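Hi,

Here is the model I promised to pass on.

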Amino acid sequence: MHSALLVQDLSVSLRGRALIEGVSFAIDPGQRMALLGASGSGKSLTAAALLGQLPTAMSASGRLQINGVEVPLSKRRSSRAGITAIHQDPMAALNPLVRLGKQLEIPLRHAGLPASMARKRALELLTSVGIEQAERTMESFSGELSGGQLQRVCIALALACRSTVLVADEATTALDMVSQAKVLDALARNFTSAGAMLFITHDLAVAAAFCHQALVLKSGRIVEKGSMESLVDRPVHHYTQQLVEAAHVGFDSLPPEATA
Ligand SMILES: Nc1ncnc2c1ncn2[C@@H]1O[C@H](COP(=O)(O)OP(=O)(O)O)[C@@H](O)[C@H]1O
Ligand SMILES: [Mg+2]
């Protein structure tokens, strides 16, 4: 069986300076991997390299496979087959001039759904991420929604793309706790069981409740990787120990089923 996502020896450099170095990991189908690390540790650059969306001055090397299929890392593109992003900034991901329903229906139609089914599925996805007035939201433009609502629309949009790999970069950080729980639940329920999720966050408590495995980045290198459980129970690297210590306040405030 192939990994859903395989990354080997990924490096990113800018004018000869290494920003990411020797990053290797694999995610099996159905698994969610947390990518943890302090601000500036290289989380977003790792995501951008996988998506083919690095700034033009940067170059990437290494190996990327999606479902066993080799994907050239060097090519830059607006969208890469088999991999979809949920970005930190929802405004950047949405077209302000196209009704949100239409934007959701496009990838669903691409996947072969007839128009009526695409609309029905778009409504379902919006509802699943906790948008209460899904019908009205379908008719709205991005400028008419709050930041939290837009973030959820983006998550519904990413789910509509049905990619093998989903990369979520701080996708729920801006949401309140209740909305965040709803959205994570929707992500877990609606994302294909054959797929892999790379869940980027600096919030260990959220990662622990949502992810099966974890990677910890520091200065562009992986300093620790393993099951989420072992990372939380027995952090080895000093930086990971600090992360776990700092998160304990957060763990205590989570409901018991979220930490189980
Ligand atoms: N466009 C850029 N130009 C130059 N350096 C960058 C650029 N984007 C990120 N970096 C550098 O790469 C490192 C990792 O950044 P990033 O991946 O955004 O961190 P994180 O997402 O973990 O906060 C940082 O040191 C940052 O300064
Ligand atoms: Mg970032």
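Helices H3 (residues 100–110) and H6 (residues 147–160) cross in the right-handed sense, meaning that the near helix is turned clockwise from the far one by less than a right angle. Before going on: this is a predicted model, with local features needing pLDDT of at least 70 and side-chain atom pairs pLDDT 80 or more, while totals for chains, interfaces and linings use all residues. Residues count from 1 along each chain as written, chains are lettered from A and ligands numbered from 1 in written order, and side-chain values use heavy atoms, without hydrogens and water.

Back to the pair: the axes of H3 and H6 lie 8 Å apart at an angle of about 20°, so the two helices are roughly parallel (angles under 35 degrees). On the H3 side, Leu 100, Gln 103, Leu 104, Pro 107 and Leu 108 touch Val 153, Ala 156, Leu 157 and Ala 160 of H6 (contact is heavy atoms within 4.5 Å). That contact has 8 nonpolar residues, 1 polar and no charged ones.

Now strand E3 (residues 32–36): 5 of its 5 residues are buried (under 20% relative accessible area, 1.4 Å probe, protein chains only). Arg 32, Ala 34 and Leu 36 are covered on one face, Met 33 and Leu 35 on the other. E3 pairs (at least two DSSP bridges) in parallel with E8 (residues 196–200) over 4 bridges, and 4 bridges also join E3 to E9 (residues 213–218), again parallel. Leu 35 has bridge partners in both, Ile 200 in E8 and Leu 215 in E9.

Cheers

Methods
Buried < 20%, exposed > 50% of the residue type's maximum accessible area, 1.4 Å probe, protein only. Axes fitted to C-alpha atoms, helices over the stretch in contact; angles between N-to-C directions. Parallel < 35°, antiparallel > 145°, perpendicular 65-115°, else oblique. Nonpolar A, V, L, I, M, F, W, Y, C, P; charged D, E, K, R; others polar.
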